[in-house]
Every structure is written in structure tokens, then in C-alpha cells.
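Reader: I would like a close look at one part of this model, the salt bridges and their surroundings. Please keep the answer connected.

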There are 2 protein chains.
Amino acid sequence: MSVLIRNAAIVTPAGMVQGDIYTEANTIVRIGKCRERAEHVIDGTGKMAIPGLVNAHAHVAMTLFRGCGEDLPLDRWLNERIWPLEARQTQADVVAAANLAFCEMIRGGTTSFAEMCLFDTKEMFRAAAEAGMRGIISRSFLDFGDKRRAKSQLKEIPRTLEYGGGALRPSAGAHAPYTCSEEVLVKSKELARKKGLKYQIHVSETRTEIFEVMKARGKYPYEYLDSIGLMDADSVFAHGGWLTKREILLGGRRGVNVAYCPVSSLKLATGGITQVAELDAAGANVCLGTDGCASNNSLDMFQTMKMAALLQKHHYWRADALSCRKALDFATVNGARALGFDSGALEEGKLADIVLLERGPNMHPEHDPVANVVYAAGPQNVSDVIIDGRPVMLDRELLTLDEERIFDEAERRAAGFRR
Amino acid sequence: MSVLIRNAAIVTPAGMVQGDIYTEANTIVRIGKCRERAEHVIDGTGKMAIPGLVNAHAHVAMTLFRGCGEDLPLDRWLNERIWPLEARQTQADVVAAANLAFCEMIRGGTTSFAEMCLFDTKEMFRAAAEAGMRGIISRSFLDFGDKRRAKSQLKEIPRTLEYGGGALRPSAGAHAPYTCSEEVLVKSKELARKKGLKYQIHVSETRTEIFEVMKARGKYPYEYLDSIGLMDADSVFAHGGWLTKREILLGGRRGVNVAYCPVSSLKLATGGITQVAELDAAGANVCLGTDGCASNNSLDMFQTMKMAALLQKHHYWRADALSCRKALDFATVNGARALGFDSGALEEGKLADIVLLERGPNMHPEHDPVANVVYAAGPQNVSDVIIDGRPVMLDRELLTLDEERIFDEAERRAAGFRR
């Protein structure tokens, strides 16, 4: 497949370039003046091209629970609402939820996602492949210290590491240090390492959890996970609230990927404000996620970028604590690196994940294109989306997903959970 | 003029109702089953009807400066960027900026705005009337203690209190307690009181300003303004950062309108998190604003509602600190009250400011319609907008504003400011 985008304003790492983008198979071949003929020709006149956004921490399987547990703290939200609901979920529910999420992601300019899921992931891989998404998907270990449960998961999960292909890769993972036995944490990371896969885990989401880890392990969560070999450049640590300075420096030294979820942290009133500016300066790879839309309640990565930057300014009482360029990098090239894909930037040779934005009233005037993308743009501006070289939305028309059917299915299945 | 919206999911104060809305002239006449014939018939099938959002603190005249001063603290942002730029603004620039803002507001479901402007407002009233917006507009006094300047403004401003009509009303106002002499503050409020007009002023936006007021007046800003008669239910106090408990109780007793601007406060790293849950409980009328889009950088009231609610949860470490219903009230009925209009709710007899939302992927499933509006919806969902009984957007087509011309004009004039 080949795609030619004509005459767009292209946001490259070196600045904005007016020109064309030509992609072949799944790769950006040329940026500038392109004379190639292509299967798909998209008129980019008046539009801005940005790298597809990377949602580095998501739970697409939870999309049917949007609005299910409003205004509850995390422990009650999990124990009284989300976990009982999840326990009733079927594979068909998971697929319906994922499809709904993919519609929202694509319409919001998100081309890649990192999923942590409690269920077998085969059907999710299939749905994501049909939607044309890029991503990594892990089935997370979760044993609550129960040896029988750990054993059965230890048997089941290796199979999930064989799923995927193309733009979709399996990843290993565990739910969190406070919900998993040390054996499971170590073994799941070993599995990932043996297979050369990324590893996903929630770390330091709530204050309570930090006390629990301290009590059980005598160390702060980052230090504990480092001591058992879980902290490296192939691990994606979601959240990261209430980090000590020592943990930040450690995370930096290990080059760990920190998937910060600012909107969900505020909404659940759990996570404080992660010091991503310091993590970034220390050498960690900071990326951004929405978390599940049951605690967000959207999958809007534009909002996530903006809030990530603004909350740093607020936290440090410094309007220059985090620039919009940094926030865009967190949501694109850093996210791609965390997930292990050579995408996230509009450069020749990179994987072709491209989003075109229509400059609506919110994107004029254009004194500062990157500021407009990070601080002013939103899903309303996204008109065309290409993932892995394949157009999945053209002129606001989804090409891989049947929205009407997906919405009906989501409502029908969601109603079942209200009974 | 009459409008009939058929078969929408209507968000009323009492809950969601599936039915029709019939409006005549500028008023909602009936909600439920309507058999009336109307000039405009809108098919609301599958859509949700909400009251138009009220932006209770805006500077639409600044819209040409979006992205002009990124990552700067408020004092440098004002002194080095915004004020020098504003000094070069012509009336034609102000109109171009306002028109751009109105496009963004309508596309974002905002039907009313409260404007504070440093210029003569005649042309802005004209532009707002043509766009079909509802709102109050003040030309703010600003004398920096300069008696000559105060005197000349005292001559000019009364004229601006005669502008407007219909859905647009003049209001009096002063820039802030730290930029105006006491005489000007008192006289401007007297003007407002004499004419029965609302009064707009920035109060407690930055930490510095609180120290300045303390030093000059020996009182905290709310207490100072109360002592000179500025604090009542006809005053709109924008911002409100760093309030003491005593100021909150005082604001509550006076029933003052507090226009909280969460996004701009974070972005300029100035305002902390206003304790709006406490203000609301104390009896103040809390409403929400975007502030100028030079410090936001959008005019998105959906984002503002969401952030207002989420920041309270974060601030108090309580996920139930502010509910989504409260946040929606802040942005609708409370905003309308602050501006002095009997609108902001979908009820018979209220002024007809109505927004229709298309339920995109981000608004499914619908376990909790209000949560979906506040936490998940955005400008991408807004399809139709009626202000004062008049359709200003139908099926995403603006009817009162010529976007292409407005965007061109905005870019042309903005380029002039870069030279």
C-alpha cells in the first residue's frame, strides 16, 4: 500500500515544513516534494500533519464501564464497582469495549496503545488488528498472593505471548507490586526478558499502596522493583505518584518508561502530580496515557498532553516547568519508544503513523504550531488517520470500524451490566 | 422565530427526558411531546440536548494572541508580551479576534460569555450581535494609580454602558484591585449599581497580587473589596486563587459570583486551585471561565468543566469533592445567574440557549448522561447550537459567521503582530 499526503503543514522534529509525505508499505519514505504516485492520495491543503499520538497506558477492555462509578475513591471504585463488573465480563464484552475504544482513539488521533488486560487477549488482538491499531497488549498477572491462582496464570499467560503480529505485539506484565507475589513479579519479568518483550505494570498509583509496599518489602515501590530486577528500559511503569527524589533518580538511571496518566490521577484523587519534568531530566522515558476510560472518562490524548504540561507548571509554580514541545514528545516519540516501535515522529524511515488536523477556529492564529497542537487542538480537529501506512480514517470517515454497529453493541452490553 | 427540536435526550434539572423542545421568540415554551409547527425543525434523534455553556470569564479581544507567549509566568507574560501587543491593537484587530472566538465558542457549545476588555466595546457589541452570542461585555477601568488616566476613563466608560441590547448587555468593571486606584474601584462599582448592571473584576489571580493588596490596604483582597462595597451578588470576581477560609465565608455571605478559570490558572502557574467546593457550600455562586485563549489556549468549556471538577477531587484528596452535576451547574445555570440572564437550564420559560450533542464513541455507553457530558464530551460532539431562540449552528454549519473569511483575517492580522 502507498499513501501520498499533498501539501500539508508537517510537524517534524526540526520544525514545521510545508510539503508532501509519501509512505510505502508501513514506512515514511519521503517528506518534502514528492512526485510518487500512490494508491491513496490525500489533499492536505490547509491541514497540519502530526505524528500519531501514543496512549502508553490504557485499559480498552473497560470502555463499557465509562460512567459506572462516578465520584468514588480508587479502593471503593475498584472493589465495589470495577472488579465486580469485570468479573462478569465475557470475551464478547471485551471485544465490544475494545472496538468502542478504537473508534474513540482513532477519532482522537491516537494510533498506538499499550493495553493491560485481565483476560485472555486473543480476541483483543484480533479486534485491534481489524481496527488497524498499533500497540502492545499484555494479559496481566494478578494473584493477590494466592499460590493456586499464580500457578494457573503461570500456565495460561505464556500462550498470550505468542499472539499478535505486524503492528501488534504481545507484552508481559503484572498488575502491581501490591497485588502480586514476588515470585509472580520475577517470573513474569523473566518471561518478558526471555522473549525480548516489553513489560507493563502499575506502580505507585495510590498513597495506600506505597505504605503497603513499604510495610511488606521495606522499600519504596521503585526501589523494591529495582531490587528484584523489574526496572529497566523495557518496563513500562504506569502512574508514578508520590515518588521520592531517590526513586526519580533511580528511574532515570535505569531509563525506565513512566506512563503518566494525569487525568485519571486527578479524577480518582489518588496519584498526586507525578514529577515528570524531573523524571525526564533524570533520564527516564516519560510517556503519557489516559488509563481506562472508566476513570478518565475519555481516551483523549490531546487533553492528556495539555494536562500533563499544565500540571507541571502548577506543581512547580513555574510556567516554564514543562514546554509544549516536551509534552508533544512525551505523547509521540517517547510513547513509541516505550512500546518498542520506531514511530512517533514524522521523519523519513520511521513507521507511518500520521494524523491530519483540520485547523478549526481553535487552531488560529498559528503563532506557534506546537502550542496549538498541545494546548488548543482536540479530537474535533482530527480529520485523517494513517496507522502503519494504512488509512483508517479519511475525511472523518472510519474505514475499518462500523461505528453504528459498535455503538449499538456497546449500549446493549452495557445495559446488561446495569441489571 | 420558532424552533422545534424533535426526539432528543434532554438533560433537564430533574434528569434526562426523551422528547421535543419547542421554542418561540427567545424562550423555551414546551419540553416533552410538542405538536407545534416551527420555522426550524431539527431532528434530535440520537442526540443529547444540554443547556448552552456559559463562559463567565473571557477576553475574546485577545484571541489573536493564542500561542504568543508560551511557557512564561504571568508577570512576564503580561509585561513583555500581552500588554505590548494589546497596545498595538486596533478596533479592527479586536473585531477579528472576537469573531474568531465566537466561531470557537459556538463550535464548543458555548452560548454566553462575560467579556472584560481594555478597549472601547462598541464594535465588539456589534460583532457579538451579528454572531448571535449572548453575553455581558465590560470595558475595564485600568489606571495604575495614574490620576489623569483615571479621569479620562471616567469620562469615556459611561458611554460603553449604553451599548448592547437583546441578548447582549453592558457591564461595568475594573481590571483588578492592584492595578486600580480605590477611587476608580468605588466609582466604577457605583456606575454599575446606578444602572443595575453587573460588575466584572479580576481578584486574587496571583500570589504577588495578594501581597501587594495586603501591603497597600492591610487586608486580603476579598476583605478589601468588601470594605469598599464591591462585593455583592452583582459582582463577578474572576479567578480567586489563594483564598483564605475567612475570604471564602465572606464571599459566601455576600453571594458573590466567582468565575473560576482552572485551565488558565494552571497554565500561568499562578492561581493554585480555587476551593470552589467550599465557596459553593458557603453560598457563593461559582461559575467557570476559560480566561483569554492567550493563556489557556482554547475556549473549550467542556475541558474547563472537567478540569474544575477533577482539580477539586485532587485538591481535597477526595473523589467526591465535586460531582459532575455540580460542575455542569457551574458551567450553565450558575454562569447564567452571574451574567444576569434567565437561561442555563432546559426548562419551560427559560431563555432558549440549547446545544445538541452527537453521541460519538466518547459518549457511549450512557450509564450516566451527566458524567458523559462533563467528563467525556468535547467540541467534537457539538452539532447544533441555538442562542436566544435563534439557530447559530445547524449540523455543524455556522450560520452567522463566515469561518473562512474570519480565519484568513485572523492570520493576516496576527502576522502583523509578529513583525
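Is Glu123(A) buried or exposed, or partly exposed, and what is its relative accessible area?

Author: This is a predicted model, in which local features need pLDDT of at least 70 and side-chain atom pairs count only at pLDDT 80 or more, while totals for chains, interfaces and linings use all residues. Residues are numbered from 1 along each chain as its sequence is written, chains are lettered from A and ligands numbered from 1 in the order in which they are written, and side-chain values use heavy atoms, with hydrogens and water left out.

Glu123(A) is partly exposed, with a relative accessible area of 27%; buried means under 20%, exposed over 50%, and partly exposed in between, using a 1.4 Å probe and protein chains only. Glu123(A) forms a salt bridge with Arg126(A), and their closest N and O atoms are 2.8 Å apart. The term requires a side-chain nitrogen of Lys or Arg within 4 Å of a carboxyl oxygen of Asp or Glu. Arg126(A) is partly exposed as well, at 40% relative accessibility. Helices (H or I, at least four residues) and strands (E, at least two) are DSSP runs, numbered from the N terminus.

Over all chains, the whole structure has 64 salt bridges. In chain A, a network of them links Asp93(A), Glu409(A), Arg412(A) and Arg413(A).

Asp388(B) forms a salt bridge with Arg134(B), with 2.8 Å between the closest N and O atoms. This pair links distant parts of the chain, 254 residues apart: Asp388(B) is in the loop between strand S15 (382-387) and strand S16 (390-394), and Arg134(B) is in strand S8 (residues 134-139). Arg134(B) is buried, at a relative accessible area of 1%.

Another salt bridge joins the side chains of Arg396(B) and Glu358(B), at 2.7 Å from N to O. Arg396(B) lies in the loop between S16 and strand S17 (397-398) of chain B and Glu358(B) in strand S14 (residues 354-358), so this pair ties together parts that are 38 residues apart in sequence. Arg396(B) is partly exposed, with a relative accessible area of 30%, and Glu358(B) is partly exposed with 27%.
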